[in-house]
Number of protein chains: 2
Amino acid sequence: MQKLAIGIDIGGTNVSYGIVTNEGEVILKKSFPFKNFKTAEIFIDFLTKELKNTFKDLPKGSSIKGIGIGAPNGNFYTGTIEYAPNLNWEGIIPLADMLNKTLNYPVKLTNDANAATIGEMIYGNAKNIKNFMFITLGTGVGSGFVANGEIILGHDGFAGELGHAIFDPNGRQCNCGRKGCLETYASASGIVRTVLELLSKSDEPSVLREISLDEISSKMIYEAALEEDIIALTAFDYTSYVLGIMLANAVAITSPEAIFLFGGLANAGDLIFKPTKKYMEEYLLNIYKNKIDIKASALPENDAAILGAAALVWE
Amino acid sequence: MQKLAIGIDIGGTNVSYGIVTNEGEVILKKSFPFKNFKTAEIFIDFLTKELKNTFKDLPKGSSIKGIGIGAPNGNFYTGTIEYAPNLNWEGIIPLADMLNKTLNYPVKLTNDANAATIGEMIYGNAKNIKNFMFITLGTGVGSGFVANGEIILGHDGFAGELGHAIFDPNGRQCNCGRKGCLETYASASGIVRTVLELLSKSDEPSVLREISLDEISSKMIYEAALEEDIIALTAFDYTSYVLGIMLANAVAITSPEAIFLFGGLANAGDLIFKPTKKYMEEYLLNIYKNKIDIKASALPENDAAILGAAALVWE
């Protein structure tokens, strides 16, 4: 009998879920908007009905092995979501227990970046790698660290927030309340901030000067860089410089064999991979030099969150 | 029958070794200078004779369970010392294998800071702690990280070099060849550099102005700080500021329950612990605040290296 996992990704905008094989094939995928659920109870009621409906569509002869959930501020140890700033619910929500009660399947939960990290390990490019880092360069910067073949969760379940390691204590204001976090430089919004800084400091011509500041996106910067726009190229170089130093510092802690980059900025390919590798090597301690691969994640962007959540079931 | 471990600490100046019980009692301790051994073979010959002699003094009814070695650039996976800059030997030396052949006991080897970290776990204050950091603030800065109850060794055995994480890429020259490593600020020599910088920048009176620059030591700065010397107090504050930020960044990766400080600067007590805790909390991401103890190591300074090496036998 084929065993299947349910992967659920809870975000502040949408909830998506899917049925996933142990080879990482998403055989069914659905989603619904998040914002209407004032309490976790109302959310669980709705999700339970959705899932029970979905279970009717299971392939013949298959059965559900378990449910995995990726959620902001998700705690693997307790299965709770704790004070998530982007969700409506206050305090500590025992979401895994709640869903286990209504559906009677084992439910595991962790934060979204750690889920994606486990996804890379179970389904992706990190299958036989016991020591690696996984970095998501999206709206923010998320991360997960695997050492000795196990994800580092920390004493409280919240390990792996490289996006909030501080690059410059007097640097850019971060929405976490502190200054100079990696996320304010090496994210989609970070590279936009870098472009604004470069445009203000230099008089270099740039197609980006023609766009209103509110509208500049990381995608536009990418397209300008492909056209050899100096400001855009410099922005990718500076982003990679900051990322390279912070990766070198993280290497000094966990000494991984590989670093996987995922998400919006990682889609810029050589524009981000090449200079990040160059700067990381430059700032690495001698014993770590020329040993570490920086690779693209193998997780397909649209399914990564569901795959990561589902991977919790197989881990 | 009582089982005993042999702990050997190899340093560029001295080699010390001892017989250690599984409770961490050092029942015999000896040392000899390192510098006379031109090759690893000559060293192993000498060490073997020394140890065979020592074994004659074993308590009646006891036996040796194994040998642990702490050494600079020691690799736990392979039992080799690799390109250690402070030892005479070039290349990769299979020291654990060599000693196993002459003595016929199991031999484990790792780098000195990781050995001390395991010492803290087996004999010290980290006995029941599954996620912690261990930081040595000595001539340099060493570190070890434990996650999920296991030391993080990395893919190559060289994880745990927080002393060479970069605080300021344009900062102080480090003897590793790069600039701005934590070690250039938060070590015994780092705080001396900070005092020189403060003396050059301010006209604040200080007893430290009376000492020739070559002679200023971290101990003199400590004594001046106890007398409320402003320059000395400011130096401790700045040292703690840099250390606090770098600890906060490391917490974002491994989320430990406790951080243990060991070595020369840690002996300054409240002068280093209080401001380091204050700055770390200030620069921690919200989810980590007010959860992490910064504590003194329980390892006695004179025996820590031997205890750490011996702990490898029991781990």
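**Close-up 1. Strands E5(A) and E6(A) pair in the antiparallel sense.** Two bridges hold this pairing, and E6(A) covers residues 80-82. Strands here are DSSP runs of at least two residues, helices are H or I runs of at least four, and both are numbered from the N terminus. Two strands count as paired if DSSP finds at least two bridges between them. Asn75(A) has Thr80(A) of E6(A) as its bridge partner. The model is predicted: local features need pLDDT of at least 70 and side-chain atom pairs pLDDT 80 or more, while totals for chains, interfaces and linings use all residues. Residues are numbered from 1 along each chain as its sequence is written, and chains are lettered from A and ligands numbered from 1 in the order in which they are written.

**Close-up 2. E5, E6 and E7 of chain A form an open sheet.** The three strands lie in the order E5-E6-E7, with antiparallel pairing. Strand E5 (74-75) and strand E7 (92-93) are the edges. Each of these edge strands pairs on one side only.

**Close-up 3. Strand E10(B) is buried on both faces.** A residue is buried if 20 or more other C-beta atoms, placed from the backbone, lie within 10 Å of its own C-beta; 12 or fewer make it exposed, and values in between partly exposed. Seven of the seven residues of E10(B) are buried, so the strand is largely enclosed by the rest of the structure. One side carries Val141(B), Ser143(B), Phe145(B) and Ala147(B). The other carries Gly142(B), Gly144(B) and Val146(B). In a regular strand, side chains alternate between the two faces of the sheet.

**Close-up 4. E10(B) takes part in two hairpins.** Strand E9 (residues 132-137) of chain B runs antiparallel to E10(B), joined to it by six bridges. Leu137(B) stands opposite Val141(B). Three residues link E9(B) to E10(B) in this hairpin. E10(B) also pairs with strand E11 (residues 150-151) of chain B, antiparallel, over two bridges. Here Val146(B) faces Ile151(B) across the pair. Two residues lie between E10(B) and E11(B). In that turn, Asn148(B) has a positive phi of about 55 degrees.

**Close-up 5. Chain B meets chain A.** In all, 38 residues of chain B are in contact with 37 residues of chain A; contact means C-beta atoms, placed from the backbone, within 7 Å. On the chain B side, strand E10 (141-147) and helix H6 (230-254) are the elements giving two or more residues. H6(B) supplies the largest share, seven residues. The chain B side divides into 20 nonpolar, 11 polar and seven charged residues. Nonpolar means Ala, Val, Leu, Ile, Met, Phe, Trp, Tyr, Cys and Pro; charged means Asp, Glu, Lys and Arg; the others, Gly among them, are polar.

Methods
Contact = placed C-beta atoms within 7 Å.
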